[in-house]
Amino acid sequence: MDRHQRKELQGYVSTSAMLFRAALFVLAVGLTGLVSRSVAHELSLIQEGFWLLAPIVVGLLLLHSSRNWTGGPDFRRKIRQDLAGGVAAVRRVSAVDAIEVEEAEDEGPAYFILTRDGQTLHVAFQELARYKSRGFPWTEFEFIEAPQSNTFFSIKKVGETLEPSQGQPP
């Protein structure tokens, strides 16, 4: 694992990232509390404490949905395992054919890639446009990622450019 890859993984579990997430949580719940208190005051419900309901509900919803944004504690555990291991996983692909699917909105292009051993890979992500500008897909390439968390780092060109045999609309 090179220093750029290590730095990227450290960003997921650093103290500053966790403090930033906590600050956003406190800010969201606090603003909800201020707004609901103002509304309750205007409706003369301030004495009954109904205004506390909104920030509690927002806080619980944020806690529940935060796993979808940050990967949750299991993902951070896997990141720490990757950092402790200090190695990146490299998966080499030998391609014999490709079908390009045109970009839909700003999602990036997508490819169905037939490998030398008969498997079909679907490769699609927004940053793939950058690799396409460098000639992707290639006859040989490597996916480089963190082994435990499967955090994607890059695609490395090994072979020559492989012209897609077909193009498909989004």
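Visitor: What makes Glu 105 count as exposed?

Guide: Glu 105 has a relative accessible area of 75%, and since exposed means over 50%, buried under 20% and partly exposed in between, with a 1.4 Å probe and protein chains only, Glu 105 is called exposed. The residue is found in the loop between β1 and β2 (110-115), and Glu 105 has a positive phi of about 55° although it is not a glycine. This is a predicted model, in which local features need pLDDT of at least 70 and side-chain atom pairs count only at pLDDT 80 or more, while totals for chains, interfaces and linings use all residues. Residues are numbered from 1 along each chain as its sequence is written, and side-chain values use heavy atoms, with hydrogens and water left out.

Visitor: Why is the pair Asp 74 and Arg 77 called a salt bridge?

Guide: The term requires a side-chain nitrogen of Lys or Arg within 4 Å of a carboxyl oxygen of Asp or Glu, and the side chains of Asp 74 and Arg 77 meet at 2.3 Å, N to O. Asp 74 also forms a salt bridge with Lys 78, where the closest N and O atoms are 3.6 Å apart. In helix α4, Asp 74 and Arg 77 are 3 residues apart, so about one helical turn separates them; helices here are DSSP runs of H or I with at least four residues, strands are runs of E with at least two, and both are numbered from the N terminus. Asp 74 and Lys 78, being 4 residues apart in helix α4, are likewise separated by about one helical turn.

Visitor: How do you know that Asp 74 is partly exposed?

Guide: Asp 74 has a relative accessible area of 37%, and is therefore partly exposed. Arg 77, at 39%, counts as partly exposed, and so does Lys 78 at 27%.

Visitor: What makes Glu 142 and Arg 92 a salt bridge, and which strands do they tie together?

Guide: Their side chains meet at 2.9 Å, N to O. Glu 142 lies in strand β4 (residues 140-145) and Arg 92 in strand β1 (residues 89-101), so the pair ties together parts that are 50 residues apart in sequence. Glu 142 counts as buried at 11% relative accessibility, whereas Arg 92 counts as partly exposed at 47%. A network of salt bridges links Arg 92, Arg 116, Glu 140 and Glu 142, and a search of the whole structure finds 6 salt bridges.

Visitor: How do you know that Asp 82 has no salt bridge?

Guide: For Asp 82, which is buried, the nearest side chain of opposite charge, Lys 78, is 8.9 Å away; in this count Lys and Arg are positive and Asp and Glu negative, while His and the chain ends are not counted. Asp 82 is found in helix α4. Among the residues that Asp 82 touches, not counting those up to four places away in sequence, are Met 1, Leu 9 and Val 87, contact meaning heavy atoms within 4.5 Å.

Visitor: What is the omega of the cis peptide bond that joins Phe 136 and Pro 137?

Guide: Omega is about 5° for this cis peptide bond, and Pro 137 lies in the loop between α5 (128-132) and β4.
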